[in-house]
Amino acid sequence: ASKISQLPTRYLPPGSIRLLYFQFCVRDGSRCSYLHFWRTYREVWHNVLRFQAPSTHGQCDECANYKESFGKTGGEGDQHRFEIARAYKEHVTAVGRDRELEKFLQAQRPLEQGSCL
């Protein structure tokens, strides 16, 4: 009898089996076929390693505040809702630019010791 079924359930970030497979192959240099990986996950690990739904993944406090404010505008009118929606869109755009910059910088070669910007 397998003791895997007795392990507590652990939750992975939102994703897919395919993404998990690629991460496995890159990390371990495995030549495991996707079909074998998929079957093993479904038959052995599915009840132990589960993916979180995208809606359960954390969000930033500022996004949550904008969404809460947008829902509580009540009698303040459409103009106020428009202002909140505009500010939220600007925030999301700024976060996207920050993430793009971070991704770009991570892809660059690290500075050699003694070099300057």
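Colleague: What volume does the largest pocket have?

Modeller: About 190 Å³. Bear in mind that this is a predicted model.

Colleague: Which residues line the largest pocket?

Modeller: The lining consists of Leu12, Leu20, Phe24, Cys32, His36, Phe37, Thr40, Tyr41, Trp45 and Leu49. Two elements give two or more residues to that lining, namely α1 (17–28) and α2.

Colleague: Which element gives the most to the lining?

Modeller: That is α2, with five residues.

Colleague: And how does one find empty space like that in general?

Modeller: A probe the size of a water molecule is rolled over the atoms, and this shows where empty space is left.

Colleague: Okay, surface next. Which residues make the nonpolar patch?

Modeller: Leu7, Val44 and Trp45 make a nonpolar surface patch of about 230 Å². Trp45 is also among the residues that line the largest pocket.

Colleague: Where does Val44 sit?

Modeller: Val44 is in helix α2, which covers residues 34–45.

Colleague: How much of the chain is buried?

Modeller: Of its 117 residues, 11% count as buried.

Colleague: What about contacts between residues at least 24 apart?

Modeller: Taking contacts between residues at least 6 apart in sequence, 54% join residues at least 24 apart.

Colleague: Switching to His91. Is His91 buried or exposed?

Modeller: His91 is buried, because its relative accessible area is 11% and the limit for buried is under 20%. His91 belongs to helix α4, residues 78–107.

Colleague: What does His91 touch?

Modeller: Leaving out residues up to four places away in sequence, His91 touches Cys60, Glu62, Cys63 and Tyr66.

Colleague: Staying with that helix, where is Phe82, and is Phe82 buried or exposed?

Modeller: Phe82 is in helix α4. Phe82 counts as exposed because its relative accessibility is 53%, and exposed means over 50%.

Colleague: How far is Phe82 from Phe70?

Modeller: Their C-alpha atoms are 8.9 Å apart, and the two residues are twelve apart in sequence.

Colleague: Last one, Arg81. What is the distance to Gly71?

Modeller: The C-alpha atoms of Arg81 and Gly71 are 8.7 Å apart in space, and the residues are ten apart in sequence. Arg81 is located in helix α4.

Colleague: How accessible is Arg81?

Modeller: Arg81 has a relative accessible area of 34%, so Arg81 is partly exposed.

How values were computed
Residues are numbered from 1 along each chain as its sequence is written. This is a predicted model: local features need pLDDT of at least 70, side-chain atom pairs count only at pLDDT 80 or more; totals for chains, interfaces and linings use all residues. Side-chain values use heavy atoms; hydrogens and water are left out. Patches are made of residues with over 30% relative accessible area and no salt bridge: like charges are joined within 9 Å, nonpolar side chains (Val, Leu, Ile, Met, Phe, Trp, Tyr) within 5 Å. Accessible areas come from the Shrake-Rupley method with a 1.4 Å probe; for residues, only the protein chains shown count as cover. A salt bridge is a side-chain nitrogen of Lys or Arg within 4 Å of a carboxyl oxygen of Asp or Glu. Helices (H or I, at least four residues) and strands (E, at least two) are DSSP runs, numbered from the N terminus. Buried means under 20% relative accessible area, exposed over 50%, partly exposed in between (1.4 Å probe, protein chains only). Contact means heavy atoms within 4.5 Å. On a 1 Å grid over the protein atoms alone, a cavity is a set of points where a 1.4 Å probe fits but cannot get out, and a pocket is an open set with protein on both sides within 12 Å along at least five of seven lines; lining residues have an atom within 4 Å of a point. Grid points are joined across faces, edges and corners, and a volume is the space filled by probe spheres set on the points.
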